[in-house]
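Here is a short briefing to read alongside the sequence and the coordinates. Keep both open as you go through it.

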Amino acid sequence: MTLELDNVELYFNRKCILNGVYLKAQTGQVTGILGRNGCGKSCILNIIFGSLLPKYKLIRLNNKPITKPLYQTNMVRYLPQFSATPNNLKLQRAFHFFKISWLEFITHFPTFEKYKQVSFRHLSGGERRIIELYLILMSRCKVVLLDEPFSHIAPVYVARIKQLINQEKAHKIIIITDHLFRDIIDISDRLYLIKNGHTKLVSNLEELENQNYITSNML
Ligand SMILES: Nc1ncnc2c1ncn2[C@@H]1O[C@H](COP(=O)(O)OP(=O)(O)OP(=O)(O)O)[C@@H](O)[C@H]1O
């Protein structure tokens, strides 16, 4: 499946945030989005999800324009930048709700075994993020949108999650953004940089320096 976002024009209080966005994502590939703070990365994910309505936008699935918000189609899952799980929800119930196997989760993250009957409020910020990310990533769906999934997560878990993303991309479109740019570069098959409201397809990593996203020697 191919998803394209095209012709986006987004304003807040007459200030132009996005203008001239083109993004293509495909099943079997991870599509990474990089850009400085406030450049519009989360807005792009929200526009694809359908929860943010810009002045103009065109979304095509397999070359066919779709007007219905994607979240109404049940084909998309979205991990927002900030936690959205209820504090009093027990992990076991969350896994049941998402129809995700707890036992399989434990094989990937054995240190979480003790948390089955625990509520989200008792987890650390990073532990909570791992669970939320796992539930979204492993859900039965065709499109996964991940906004800063690696924030507050220990390197050993980031490595495990990257393995899972590589596994899931075989049958999902995965669009991901994070400021941990090395991880995004590492995992992405297609990479976009957002600058001045436009997307730019990154074909050579030196462009990230040339566009002043990173300074020299940061790669
Ligand atoms: N509801 C809103 N009302 C007004 N301005 C907004 C709103 N949401 C976002 N913005 C502005 O739109 C711009 C893009 O925001 P967005 O959250 O997409 O940035 P981002 O690239 O994800 O940033 P960060 O990396 O810091 O999370 C920012 O300048 C932000 O202030």
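The notes below cover the record, the ligand shell, the nonpolar core and some helices.

This is a predicted model, in which local features need pLDDT of at least 70, side-chain atom pairs count only at pLDDT 80 or more, and totals for chains, interfaces and linings use all residues. Residues are numbered from 1 along each chain as its sequence is written.

**Record**
- In an unreviewed entry, UniProt lists residues 3–219 as "domain: ABC transporter"; positions are given in the numbering used here, feature names are shortened, and annotations may be inferred rather than shown by experiment.
- The end C-alpha atoms of residues 3–219 are 29 Å apart, and the span is 29% helix and 26% strand. Helices (H or I, at least four residues) and strands (E, at least two) are DSSP runs, numbered from the N terminus.

**Ligand shell**
- Around the ligand you will find Phe12, Ile17, Gly35, Asn37, Gly38, Cys39, Gly40, Lys41, Ser42, Cys43 and Gln81, where a residue counts if its C-beta atom, placed from the backbone, lies within 6 Å.
- By class, this shell has four nonpolar, six polar and one charged residues. Ala, Val, Leu, Ile, Met, Phe, Trp, Tyr, Cys and Pro count as nonpolar, Asp, Glu, Lys and Arg as charged, and the others, Gly among them, as polar.
- Helix H1 (residues 41–49) gives the largest share of the shell, three residues.

**Nonpolar core**
- A nonpolar core is a set of buried Ala, Val, Leu, Ile, Met, Phe, Trp, Tyr and Cys residues joined through C-beta atoms within 7 Å. Buried means 20 or more other C-beta atoms within 10 Å of a residue's own, exposed means 12 or fewer, and partly exposed is in between, with C-beta atoms placed from the backbone.
- The largest core has 52 residues, of which Leu5, Ile44, Ile48, Tyr134, Leu145, Ile174 and Ile175 touch the most other members.
- Helix H4 (residues 125–138) supplies the largest share of this core, eight residues.

**Helices**
- In H1, Lys41, Ile44, Leu45, Asn46, Ile47 and Ile48 are buried, and just after this helix Gly50 takes a positive phi of about 105 degrees.
- Leu133 lies in H4 and is buried, with 21 other C-beta atoms within 10 Å.
- In sequence, Leu133 and Ser83 are 50 residues apart, while their C-alpha atoms are 10.0 Å apart in space.
- Tyr157, Ile161 and Ile165 are the buried residues in H5; seen down the axis, the buried residues of H5 fall within an arc of 85 degrees, so they line one face of the helix. The arc is that of the directions from the helix axis to the C-beta atoms.
- On the other side of H5, Pro155, Val156, Ala159, Gln163 and Gln167 are exposed.
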